[in-house]
Amino acid sequence: MSAFDDIGIDFGTSNTVIVTEQKGIVLNEPSFAALDNEKGRIIAVGKRAYSMTGKTPKRLTLLKLMCRGRISDLETARATLKVFLQKAVGGRHIINPRVSICVPASATDVEKKSMADTAFCAGARKVFLVEHPLAALIGFGAGVISPEGKMVVDIGGGTTDIAVVSLGGTVIKKSVKCAGNDITESIIKAIASKYKLLVGELTAERIKIELASLSEPGDEIKEEIKGKDLISGMPRRVIITQNSIYKAVCEKAVEIVLAVREVLEKTPPELISDIHTNGIFLSGGGSLLKGLDRLIEKSLGVKAVISSNPFECTAEGALKAVKMSDMLKDGFEQVSSQRRG
Ligand SMILES: Nc1ncnc2c1ncn2[C@@H]1O[C@H](COP(=O)(O)OP(=O)(O)OP(=O)(O)O)[C@@H](O)[C@H]1O
Ligand SMILES: [Mg+2]
């Protein structure tokens with residue numbers, strides 16, 4: 001990487017993705033840090049920290065750096081982003097890069113400022129903020145500058161960001177606090193209620209990815225899981241069916257679909273017609289939930305297209321946005337370094 005490369009960052013609720021112009025994706029790791037409470041310092045970040053989920057002794061605290069797209073602990077977030085950036089450029093010196101970083105569509109000025117400050121503290125020379133949906137569409141290569149409406153639904157871990165974009169700017173947007181992690185939580189509750197078994201987040205996450213489906217779930221599709229018996233407190237294994245978690249998964253998916261419908265209802269007719277032609281673009285890891293694209297199509301009568309790189313397209317879009325900065329409007333801004341203090 002050259003010393004003056006631009007960098008695109010999606011500091012997400014679940015994952016942090018960093019891309020550079022020269023090397024493409026240089027980092028994709030969970031947005032987690034593990035802290036040693038006695039020594040008051042970070043002992044692990046990213047994948048290593050995430051692997052400690054549900055297993056930490058009292059002396060260690062596992063921190064999710066972002067909560068629904070917002071920084072939850074500013075100091076740790078800054079320190080972790082610095083480590084991520086150093087990892088991303090392979091130990092080489094980054095000389096004041098231009099950093100383009102994603103923010104939720106509903107971020108307040110204070111939240112935007114703290115995201116920009118985090119990037120400045122991690123070594124950025126210039127900071128650009130790009131709202132998630134606009135970044136996702138640019139990452140898709142969807143062509144956001146033309147006078148043609150494009151709709152995107154970015155389903156992350158903590159937030160679903162929905163927007164209609166035309167002429168380089170966001171026309172309508174909505175963020176909802178219902179996304180991938182809420183589906184995982186509702187799977188934990190469904191297993192507890194049906195099987196009287198408590199499972200951890202990592203197990204529920206695996207079940208969501210491997211077993212959950214919104215299209216014609218069956219009793220014959222099963223998976224064995226291990227957890228803690230809610231009555232005896234002892235370890236137990238059960239075989240759960242796809243059907244047994246269907247309702248829990250479906251309820252959350254319907255919440256997302258209803259939010260998309262709301263945005264469509266508020267969209268002016270010319271743009272609606274474009275969306276009907278172009279389809280709805282889906283990005284974010286949550287869009288990979290089996291059958292979600294079909295559910296959107298069936299409920300809204302518009303085809304849904306999942307990104308070929310749903311985890312990385314927002315960071316890639318943020319990076320590309322820097323080169324398009326003259327043409328971008330609502331949803332994109334350059335932060336002057338005066339805002340640092
Ligand atoms: N195959 C899959 N099926 C369903 N969900 C999945 C799949 N793979 C990943 N996910 C979910 O995607 C979510 C993470 O997606 P992503 O990395 O886009 O989120 P993020 O950008 O970190 O979050 P946010 O945008 O809310 O800040 C998690 O909830 C994860 O469980
Ligand atoms: Mg995201």
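Why does Met52 count as partly exposed? Met52 has 16 C-beta neighbours inside 10 Å, and therefore falls in the partly exposed class. Please keep in mind that this is a predicted model.

Met52 sits in the loop that links α1 (46–50) to β6 (60–64). Setting aside residues up to four places away in sequence, Met52 touches Ala34, Leu60 and Leu62. Between Met52 and Arg206 there are 154 residues of sequence separation, while their C-alpha atoms are 16 Å apart in space.

| Domain | Residues |
|---|---|
| domain 1 | 6–134 + 314–340 |
| domain 2 | 149–178 + 256–311 |
| domain 3 | 180–248 |

The centres of domain 2 and domain 3, taken over C-alpha atoms, are separated by 28 Å. Where these two meet, 13 residues of domain 2 are in contact with eight residues of domain 3. On the domain 2 side, helix α9 (residues 292–300) gives the most, with three residues. By class, that side of domain 2 holds five nonpolar, six polar and two charged residues.

As for Ile18, its contacts beyond four places in sequence are Ile7, Ile9, Val26, Leu27, Phe84, Leu85, Ala88 and Ala315.

Technical notes. Residues are numbered from 1 along each chain as its sequence is written. Chains are lettered from A and ligands numbered from 1 in the order in which they are written. This is a predicted model: local features need pLDDT of at least 70, side-chain atom pairs count only at pLDDT 80 or more; totals for chains, interfaces and linings use all residues. Helices (H or I, at least four residues) and strands (E, at least two) are DSSP runs, numbered from the N terminus. A residue is buried if 20 or more other C-beta atoms lie within 10 Å of its own, exposed if 12 or fewer, and partly exposed in between; C-beta atoms are placed from the backbone. Two residues are in contact if their C-beta atoms, placed from the backbone, lie within 7 Å. Domain bounds come from an automatic or database domain assignment. Ala, Val, Leu, Ile, Met, Phe, Trp, Tyr, Cys and Pro count as nonpolar, Asp, Glu, Lys and Arg as charged, and the others, Gly among them, as polar.
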